[in-house]
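Please keep the sequence and the structure at hand while reading.

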Amino acid sequence: MRTWAIATVTPLLVLAACSAQTHRFDTATELRSAAVNAGLHCTGYNPTTPPAGASSSGECVGGTHAIFVVYDGDNAAKKAITDATGKLTGDDAILAGPNWYVMSSTSALDGIKDSIGGDIKSK
């Protein structure tokens, strides 16, 4: 009986761990594609000049207002996420991963968090 219980519980634990995975992204375009695939309404994309320390950035054109920023290193990302969180206004929040963040409304970020991972930070 114990063998059956372990065999049943183990796959459930593996599935739970996979669903909470936070992804890494190489470019803001890749991050935007993942967000759109997760349900963010964004009909177009406009590359922007990356902020200091970022490798790429861009924003949605059409649909939900969202900004995507990707960093080469985790340390640069952590500092930028802290700085960006301090500058949030209104209902904006940040969904942050190890080397990236998406800035948008809290409700928009809630809708994509489970698919791309990360933590939502607000002021």
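The model described here is predicted. Two elements, α3 (74-86) and β5 (100-105), each supply at least two residues of the lining, and α3 gives the most, with 5 residues. Sorted by class, the lining of the largest pocket comprises 9 nonpolar, 1 polar and 3 charged residues.

**Overall layout**

The protein has 4 helices and 6 strands, and along the sequence these elements follow the pattern α-α-β-β-β-α-β-β-α-β. Of its 123 residues, 36% count as buried. Among the contacts between residues at least 6 apart in sequence, 43% join residues at least 24 apart.

**The disulfide**

How many disulfides does the structure hold? There is 1 disulfide, and it joins Cys42 to Cys60, with an S to S distance of 2.2 Å. The pair links distant parts of the chain, since Cys42 belongs to strand β1 (residues 42-48) and Cys60 to strand β2 (residues 54-63), 18 residues apart. A disulfide is a covalent bond between the sulfur atoms of two cysteines. The torsion about the S-S bond of Cys42 and Cys60 is about -125 degrees, and the disulfide is therefore left-handed. Are the two cysteines buried or exposed? Both Cys42 and Cys60 are buried.

**Ser57 and Pro51**

Strands β1 and β2 are also the setting for two further residues, for Ser57 lies in strand β2, while Pro51 lies in the loop between β1 and β2. Ser57 has a relative accessibility of 5% and therefore counts as buried, the cut-off for buried being under 20%. Pro51, with a relative accessible area of 32%, is partly exposed. The side chain of Ser57 makes a polar contact of 2.7 Å with the side chain of Thr48. Once residues up to four places away in sequence are set aside, Ser57 touches Ala28, Tyr45, Pro47, Thr48, Thr49, Pro50, Pro51, Phe68 and Val69. Pro51, leaving aside its neighbours within four places in sequence, is in contact with Ser57, Val69 and Tyr71.

Ile67 is found in strand β3 (residues 67-71) and is partly exposed, with a relative accessible area of 25%. Not counting residues up to four places away in sequence, Ile67 touches Gly58, Glu59, Tyr101, Val102 and Met103.

Ser105 lies in strand β5, one of the elements that supply at least two residues of the pocket lining. What does the side chain of Ser105 reach? That side chain reaches the backbone nitrogen of Ala108, at 3.2 Å. Leaving aside neighbours within four places in sequence, Ser105 is in contact with Asp91 and Asp92.

**Separation in sequence and in space**

For three pairs of residues, the table sets the separation along the chain beside the distance between the C-alpha atoms.

| Pair | Apart in sequence | C-alpha to C-alpha |
|---|---|---|
| Pro51 and Tyr71 | 20 residues | 9.4 Å |
| Ser105 and Asp92 | 13 residues | 4.4 Å |
| Ile67 and Arg32 | 35 residues | 8.6 Å |

How values were computed
Residues numbered from 1 in each chain as written. Predicted model: local features only at pLDDT ≥ 70, side-chain atom pairs only at ≥ 80, totals over all residues. Heavy atoms only, no water. Disulfide = S-S within 2.5 Å. Buried < 20%, exposed > 50% of the residue type's maximum accessible area, 1.4 Å probe, protein only. Nonpolar A, V, L, I, M, F, W, Y, C, P; charged D, E, K, R; others polar. Polar contact = N/O pair within 3.5 Å; in protein donor to acceptor, adjacent residues only side chain to side chain. Contact = heavy atoms within 4.5 Å.
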